[in-house]
Amino acid sequence: MKLLSVGLTGVSQDVTMRLQQDCCSLMHEGFRIAVDEMNRGKYTFIGCNIVEGELSFRNYERVKDSLKNYVAKIVADFILANEEKALVSRLIERNYHYFSKEEQKIIYENSLKLLADSSSCLIQDFSAGERRKRIVSRLMEYLDNHHELVVDGFVQFRLKDYRDNLAQVVDKAVDDLMLDLEYQEFIRVLRYFINVQEPQVEETHVLIYGASSFKLLDANGQSIDNQYLDSFDAQYSDEINYQDLLITALIAVSPHHVVLHNPFLQGPNELIRTIKSIFEDRVMFCNGCDMCRTKSVSHNVDSD
């Protein structure tokens with residue numbers, strides 16, 4: 001007697017092995033369940049059958065409930081491990097085909113990272129655990145009324161909200177890529193400006209204090225004054241934060257060498273990355289000196 005059948009595309013060996021292992025527990029209760037495979041077109045159907053004898057209605061329902069539970073969990077894991085990646089790939093190919101192959105690869109990889117990040121608040125109740133719980137619940141509902149399950153069709157017609165959420169994740173990965181491309185263009189322009197501009201000083205030492213102030217010193221430890229920076233600070237201090245002002249200050253003096261001191265290393269990583277990207281091999285790091293311990297401040301900008 002056939003109890004349940006699951007149709008899959010692609011590799012089905014892992015699903016079959018897991019189902020066989022789960023069905024072993026029913027053997028200890030006196031129920032012999034055979035798990036077999038049958039190819040039908042592009043699908044491989046995995047069937048669960050009673051080997052011998054007839055079941056009473058009570059035992060039939062009991063065995064089927066156990067099998068539904070096994071199948072729902074196994075198929076949910078299969079969807080998350082295999083179908084989810086295929087869905088993401090198809091979404092990118094369909095909605096973002098105008099990106100280059102390399103950019104599509106980045107979108108794909110970033111989408112999978114967002115899906116794997118349990119701390120992401122991009123979509124409520126869409127962590128890997130919540131996705132699995134939702135899919136298991138839908139599978140159990142489906143198997144209450146059906147003896148045969150084709151995974152492709154189930155995902156297509158019974159998990160529309162899940163697929164819509166995946167599309168939102170892909171959209172977020174695209175937004176992140178666009179921001180990164182804009183950032184790279186921004187860095188390229190600033191790097192070009194630095195390379196064609198004559199350095200105003202040979203060496204600039206950068207010290208950061210707290211979250212809203214910094215100091216620029218020359219090679220002799222003297223404060224660097226810049227008329228352009230002072231007027232910029234006075235005019236735009238309400239519209240720009242100290243990180244933007246620090247980048248502006250460094251570009252204004254355009255030093256041959258930029259030395260970042262210990263207080264700076266405690267600052268935001270994004271700021272460090274930006275300065276290193278702009279000035280490239282001009283940037284050096286200090287591991288500790290008298291300048292690192294100084295308490296005076298040259299420019300103080302409210303971080304708000």
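Where in the chain is Glu280 found?

## A residue with positive phi

In this model, which is predicted, Glu280 sits in the loop that lies between helix 10 (269-279) and strand 8 (283-285). Its phi is near 50°, a positive value in a residue other than glycine. That deserves a remark, because most residues other than glycine have a negative phi. Glu280 counts as partly exposed, because its relative accessibility is 41%, a value that falls between the limits of 20% for buried and 50% for exposed.

Asp125 gives a further example, with a phi near 55°, again a positive value in a residue other than glycine. Asp125 belongs to the loop between helix 3 (101-116) and helix 4 (128-143), and with a relative accessibility of 48% it counts as partly exposed.

Strand 1 (residues 2-8) and strand 4 run parallel and are joined by three bridges. For Ser5, the bridge partner in strand 4 is Glu148.

## Salt bridges between and within helices

Side chains of opposite charge can pair when their charged atoms come close. In this model the count comes to 13 salt bridges. One of them links Asp77 with Arg18, and the closest N and O atoms of that pair are 2.9 Å apart. Because Asp77 lies in helix 2 (residues 57-95) and Arg18 in helix 1 (residues 13-27), this pair ties together parts that are 59 residues apart in sequence. Asp77 counts as partly exposed at 22% relative accessibility, and Arg18 counts as partly exposed at 32%. Salt bridges that share partners also join Arg18, Asp77 and Arg132 into one network.

Arg134 and Asp161 meet through their side chains in a salt bridge of 3.6 Å, N to O. Asp164 counts as partly exposed, with a relative accessibility of 34%.

In soluble globular proteins, nonpolar side chains tend to be buried together. The largest nonpolar core of this model has 54 residues, of which Leu19, Leu67, Ile79 and Tyr162 touch the most other members. Helix 2 gives the most to this core, namely 16 residues. If neighbours within four places in sequence are left aside, Leu67 is in contact with Leu3, Leu4, Cys23, Leu26 and Cys48. Apart from this core lies another one, of 24 residues, and among them are Ile187, Val258, Leu260 and Ile275.

Is Ile208 buried or exposed? Ile208, which lies in strand 5 (residues 203-209), counts as buried because its relative accessibility is 4%, a value under the limit of 20%. Although Ile208 and Leu260 are 52 residues apart in sequence, their C-alpha atoms are 8.8 Å apart in space.

His261 has its place in the loop between strand 7 (257-260) and helix 9 (262-265). With a relative accessible area of 1%, His261 is buried. The side chain of His261 is joined to that of His205 by a polar contact of 2.8 Å.

Conventions. Residues are numbered from 1 along each chain as its sequence is written. This is a predicted model: local features need pLDDT of at least 70, side-chain atom pairs count only at pLDDT 80 or more; totals for chains, interfaces and linings use all residues. Side-chain values use heavy atoms; hydrogens and water are left out. Two strands pair if DSSP finds at least two bridges between them. Helices (H or I, at least four residues) and strands (E, at least two) are DSSP runs, numbered from the N terminus. Buried means under 20% relative accessible area, exposed over 50%, partly exposed in between (1.4 Å probe, protein chains only). A salt bridge is a side-chain nitrogen of Lys or Arg within 4 Å of a carboxyl oxygen of Asp or Glu. A polar contact is a pair of N or O atoms within 3.5 Å; within protein, one must be able to donate a hydrogen and the other to accept it, and residues adjacent in sequence count only if both atoms are side-chain atoms. A nonpolar core is a set of buried Ala, Val, Leu, Ile, Met, Phe, Trp, Tyr and Cys residues joined through side-chain atoms within 4.5 Å. Contact means heavy atoms within 4.5 Å.
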